[in-house]
Amino acid sequence: PSGKSAALLLDFGETCFGHPVLKIAGANGGEVFDLLYDDCITEQGIAIQNENHMVVGDRLFCRAGANRFQAFQPRGFRYLMLVARNIRKPVTIEVIGIEELSYPAAQRGSFSCSDKLLNRIWETGVRTLRRCMADSFMDGPVSQQQGLAGARIAGLTSCYALGDTRLFRRALHLAGESLRYVPDGVLMGVIPSERGDCVYLDYALHWLAALDEYHLHTGDIALLREQRAALERVLGFFAILAGERGLLGPAPHYRIFMDWSPGLDRGNLSASLNLLYLHALRHAVRIGQALQDSGFTSHCQRSAAALSERIMMVFSSSHKNLLVESVDLNSGEPGDVVSQHAIALAVIERVLGKREEDRTGATYEVLSSSSSSRRSSTSPTDRSCTHMLRAMYGAGMMPSRSRSSANISGVH
């Protein structure tokens with residue numbers, strides 16, 4: 001209707017990433033078209049006013065005649081809502097679509113089996129990975145489109161699914177370069193960025209572990225040599241933070257993320273954070289061995305051994321063979337939550353789960369639990385799920401799905 005607004009909601013079927021394009025013919029001049037992007041919708045379409053979710057959009061102001069708009073900034077979305085305003089006479093939408101961007105990686109890895117669900121999981125994972133690859137790995141194509149320090153999970157997935165390691169290397173390089181913006185010797189958690197509130201301590205530990213994993217999959221010793229100074233500065237920062245206490249606690253001005261799950265105490269001594277520190281130290285040992293630096297290797301081995309003993313001393317619970325998630329920084333009183341995050345890392349690093357009975361006892365109970373209880377926080381998300389799978393597989397706890405025959409090929 002004349003002078004009114006109208007909205008059109010388009011479903012592209014899956015998440016896309018690229019430059020949206022809109023072509024309008026027959027404009028009178030003064031018409032306004034808003035393009036709103038999201039990967040989820042409500043009954044009313046894309047929820048513009050959502051305090052928990054950022055909606056991205058573009059606006060075209062029409063001149064008389066033909067108009068063509070192409071977004072300069074790439075957008076990620078499944079749903080596109082076109083809102084037209086100030087329409088005084090009919091106009092024609094000639095084109096509305098997207099010029100997709102994709103990182104040029106061949107599909108060298110493959111997976112197939114007799115279980116259709118596992119096949120769909122593989123396909124969804126590869127598609128998701130590709131949507132998060134541009135000039136670097138992105139945490140997601142829809143909102144922030146920023147690289148995360150280390151890009152550990154994306155890098156490893158790219159190795160196996162695509163046989164491509166270039167973005168993995170670039171992510172590790174960019175994270176190491178971010179030291180110039182943080183004087184204390186810790187990395188930016190989000191790259192590229194110069195914002196002080198983008199420093200996440202656990203991301204630096206994942207970066208360190210990812211350096212070793214990258215070398216394991218590529219044999220590229222040059223990156224380890226390039227990042228040697230950054231590696232020592234990061235380890236020096238955490239050694240100072242641990243101090244005489246021998247354990248990491250919260251650091252002024254810097255954040256600890258770990259996971260989205262509730263139940264993780266970031267304001268006190270955290271078993272998950274300290275076990276991640278132990279995890280990183282043991283990766284540093286392997287880096288030292290690859291660099292044939294016996295002094296550095298021995299230092300990291302001693303630090304890891306001391307930290308492992310300290311973790312058992314401080315976080316051991318009254319329940320046999322479990323660790324509590326947190327201990328009060330001032331009183332030393334243990335909390336009553338045993339998190340899957342900490343137990344998984346403890347099994348990976350052989351702090352727990354060494355005995356055969358652990359595979360069916362309390363350790364297995366926590367790892368295999370999918371619900372919250374007094375002795376288990378909510379299920380982990382993000383990279384912590386990878387730790388869960390590694391822990392259960394390594395300790396022989398992985399439950400088997402129906403008898404499936406699988407065909408797997410990839411690049412190692």
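Analyst: A helix here is a DSSP run of H or I with at least four residues, and helices are numbered from the N terminus. By that numbering, His387 belongs to helix 11. The model is a predicted one.

User: How many helices and strands does the protein chain have?

Analyst: There are 11 helices and 12 strands in the protein chain.

User: Is His387 called buried or exposed, and why?

Analyst: Buried means under 20% relative accessible area. His387 has 6% relative accessibility, so His387 counts as buried.

User: Which residues is His387 in contact with, leaving aside its neighbours within four places in sequence?

Analyst: Contact means heavy atoms within 4.5 Å. With those neighbours left aside, His387 is in contact with Arg152, His206, Leu276, His279, Ala344, Leu345 and Ile348.

User: What makes a space in the structure a cavity, and how many of 30 Å³ or more are there?

Analyst: In a cavity a 1.4 Å probe fits but cannot get out. The structure holds 1 cavity of 30 Å³ or more. The space in the largest cavity is about 70 Å³. It is lined by 10 residues, and those closest to its centre are His206, Met258, Leu276, Ser384 and His387.

User: Which helices supply at least two residues each to the lining of the largest cavity?

Analyst: They are helix 4 (201-218), helix 9 (340-348) and helix 11 (383-394). Helix 11 gives the most, with 3 residues.

User: Where does Met258 lie, and why is Met258 called buried or exposed?

Analyst: Met258 is in the loop between helix 6 (228-242) and strand 10 (269-270). Its relative accessibility is 9%, so Met258 counts as buried.

User: What is the phi of Met258?

Analyst: Phi of Met258 is near 70 degrees, a positive value in a residue other than glycine. Most residues other than glycine have a negative phi. Gln292 is not a glycine either, and has a positive phi of about 55 degrees.

User: Is Gln292 buried or exposed, and how do you know?

Analyst: Exposed means over 50% relative accessible area. Gln292 has 74% relative accessibility and therefore counts as exposed. Gln292 is placed in the loop between helix 7 (271-290) and helix 8 (294-315).

User: Which residues does Asp220 touch, not counting residues up to four places away in sequence?

Analyst: Asp220 touches Arg169, Tyr214 and His215. Asp220 and Arg169 are 51 residues apart along the chain, and their C-alpha atoms are separated by 9.3 Å.

User: Is Ser326 buried or exposed, and why?

Analyst: At 13% relative accessibility, Ser326 falls under the 20% cut-off and so counts as buried. Ser326 is in strand 11 (residues 326-327). Not counting residues up to four places away in sequence, Ser326 touches Asp265, Leu269, Phe315, Glu333, Pro334 and Gly335.

User: How do you know that strand 1 and strand 5 pair?

Analyst: Two strands pair if DSSP finds at least two bridges between them. Strand 1 (residues 4-27) and strand 5 (residues 75-87) have 10 bridges in the antiparallel sense, so by that rule they pair. In this pairing Phe17 stands opposite Gly76.

User: How many bridges join strand 1 to strand 6 and to strand 4?

Analyst: Strand 1 is joined to strand 6 (residues 92-100) by 8 bridges, and to strand 4 (residues 65-70) by 5 bridges. Both pairings run antiparallel. Lys23 stands opposite Val95 in strand 6, and Ile24 stands opposite Asn67 in strand 4.

User: How many disulfides are counted?

Analyst: A disulfide is a pair of cysteine sulfur atoms within 2.5 Å. By this rule the count is 0 disulfides.

How values were computed
Residues numbered from 1 in each chain as written. Predicted model: local features only at pLDDT ≥ 70, side-chain atom pairs only at ≥ 80, totals over all residues. Heavy atoms only, no water. 1 Å grid on protein atoms, 1.4 Å probe; cavity = no way out; pocket = protein on both sides within 12 Å on 5 of 7 lines; lining within 4 Å. Points joined across faces, edges and corners; volume = space filled by probe spheres on them. Buried < 20%, exposed > 50% of the residue type's maximum accessible area, 1.4 Å probe, protein only.
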